[in-house]
Amino acid sequence: MPDAVVIGAGPNGLVAANLLADAGWSVEVLEAQPEPGGAVRSDREVHPDYVSDLCSSFYPLAAASPILADLKLHQEGLRWSHAQRVLAHPMADGRCAVLERRCADTAVGLDALAAGDGRAWLDLHDVWKRLGPDIVGALFTPFPPIRSAARLAARLRAAGGLRLARSLVLPVRRLGDEEFRGEAGKLLLAGNALHADLAPEAAGSGGFGWLMSMLGQTYGFPVPVGGAGALTRALVSRLERLGGAVRCGERVTRVVVRDGRAVGVRTSGGDDVPAARAVIADVSAPALYEELVDPLHLPGRLLADLRRFQWDFATFKVDWALDGPVPWTAQEARGAGTVHLADGVDGLTRFAAQISMGRVPDRPFLLFGQMTTADATRSPAGTESAWAYTHVPHRVKGDAGEDGLTGLWDRREQEVMGDRIECEVERWAPGFRSLIRARRLLAPPTLQDLDANLRGGAINAGTTAMHQQLVFRPTPGTGRPETPVKGLYLASASAHPGGGVHGAPGANAARAALRGGIGADLLSRAQHALGRRDRKGARVEGIDG
């Protein structure tokens, strides 16, 4: 009998498993898909000569994560690569906002577009240099991050106190208007905010856009050499070297609870897998509480709160094998790993508003990845392995375009959306479509089929908006990985601090399990304070059935 069973071999599940194995626990990881990795996988299915990442590709949060650094994955063969430039955002007049590898170079570029904006960028970076280490510490430690928060509060006072705090909770449109004269600096902040589901007018989007921009400025947007799957292979290799096991093709259908404690899991094949100490769930919060745990073992208030759980935007992605480099009109975009495509901040607002109204955007904001530009091993010399993704509503009420998209996402609708994305790229890179050797379409249902945590194509396991962060993630409570069931811990991006490949939710869950669920007392007190009442007559399940 293993000490712990981990549900899901995504990055958070694998990080949790590694930390438990480091502590001497025996660990078994069960993954529903035929291979590990969750949203961190790559393949050659678009074209045999091209490596394509199925979901995530660029990893600034992984580069910043002390959790992943402590795992020393380079000892498992993991190597990182960078493009010449971090990010580019072409503008309609042919100019281009560029996030360079060096802060001074970014400032020079911004100043050339609007005098004074270079100094404004350097000032924002100076704030990051003072606060960044403690922000990272607060993000990547269990909630509440007492030590990091105390240091952050002290440095926040020294750096401007309430005025700086105000800046970080501003909508990114307002923050950009206050800090920059020209459009370029505003675009860098606003485009990075929309890496999450934060519209330019959303409260807190300024702070998130600043955070992502400063992470890019400090760590770049690195990619694993050879494909995203290299990161997963390193995590699996390390775990197996420590004696852990990963079993793929094993879908968990039930967490088995006895006397209020998780004692194992049951698979779709009817097998019972016992756990002596803990069950770690790298699954979304709705999946855990609405599907895997019998509701009789859960407080009624938790189940009621889950009805208010908000997913982040749905996603539509296209992968391409290109015969040559993308012919961007803006020359600066040719050396960038990531390219943002939208008609200014107004275009971002229009895009987000259409999604909020349930309409498929007619001119979608695109995040475009040039993978061979970032890592030359991805495709033959002189070619490009590329992708772009955009967001769409979960429930489609109409099409802002003229194609009558309904959200059915059958083959016709997928082809239409793929063509719409390609036409948008063509506006910024005339001749792009003539370079396409092959493409793959990943609609919201396809992404969910690849990884059940990507519900409806939501890539962050829940909205990044302020009302579902910290003590509100995934529902109002303590913001911790403990659950109402003893020995059961939430380890997915539905838990604090949320989405991105950094391993923090998995690490937090593992640490809680190693402490024996000390935080469960905090959870119990929080439930009491919220007026939460347990359901009566909880059924006792046995691992034997």
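Val265 stands opposite Val273 in E12. The model is predicted: local features need pLDDT of at least 70, side-chain atom pairs count only at pLDDT 80 or more, and totals for chains, interfaces and linings use all residues. Residues are numbered from 1 along each chain as its sequence is written, and side-chain values use heavy atoms, with hydrogens and water left out.

**The open sheet**

Strand E11 (residues 261-267) pairs with E12 in the antiparallel sense over 3 bridges. Here strands are DSSP runs of E with at least two residues, helices are runs of H or I with at least four, and both are numbered from the N terminus; two strands pair if DSSP finds at least two bridges between them. Together, 3 strands in the order E10-E11-E12 form an open sheet with antiparallel pairing. Its edge strands, E10 (252-258) and E12 (272-274), each pair on one side only.

**Aromatic pairs**

The structure holds 12 aromatic pairs. Rings of Phe, Tyr and Trp (its six-membered ring) pair if their centres lie within 6.5 Å; planes under 30 degrees apart count as stacked, over 60 as edge-to-face and the rest as tilted.

Trp121 belongs to helix H5 (residues 117-139), while Phe180 lies in the loop between helix H8 (172-179) and helix H9 (183-193), 59 residues apart. Trp121 has 0% relative accessibility and therefore counts as buried (under 20% relative accessible area; exposed is over 50%, partly exposed in between, with a 1.4 Å probe and protein chains only). Phe180, at 3%, also counts as buried.

Because Trp320 lies in strand E14 (residues 314-322) and Phe368 in strand E17 (residues 366-370), their pair ties together parts that are 48 residues apart in sequence. Both Trp320 and Phe368 are buried.

**A cavity lining**

The second largest cavity is lined by ten residues by name: Phe58, His82, Ala83, Arg85, Val86, Arg101, Phe221, Gly337, Thr338 and Ala374. A cavity is a set of points, on a 1 Å grid over the protein atoms alone, where a 1.4 Å probe fits but cannot get out; lining residues have an atom within 4 Å of a point. Strand E6 (85-90) and strand E15 (336-341) each give two or more residues to this lining.

Technical notes: 1 Å grid on protein atoms, 1.4 Å probe; cavity = no way out; pocket = protein on both sides within 12 Å on 5 of 7 lines; lining within 4 Å.
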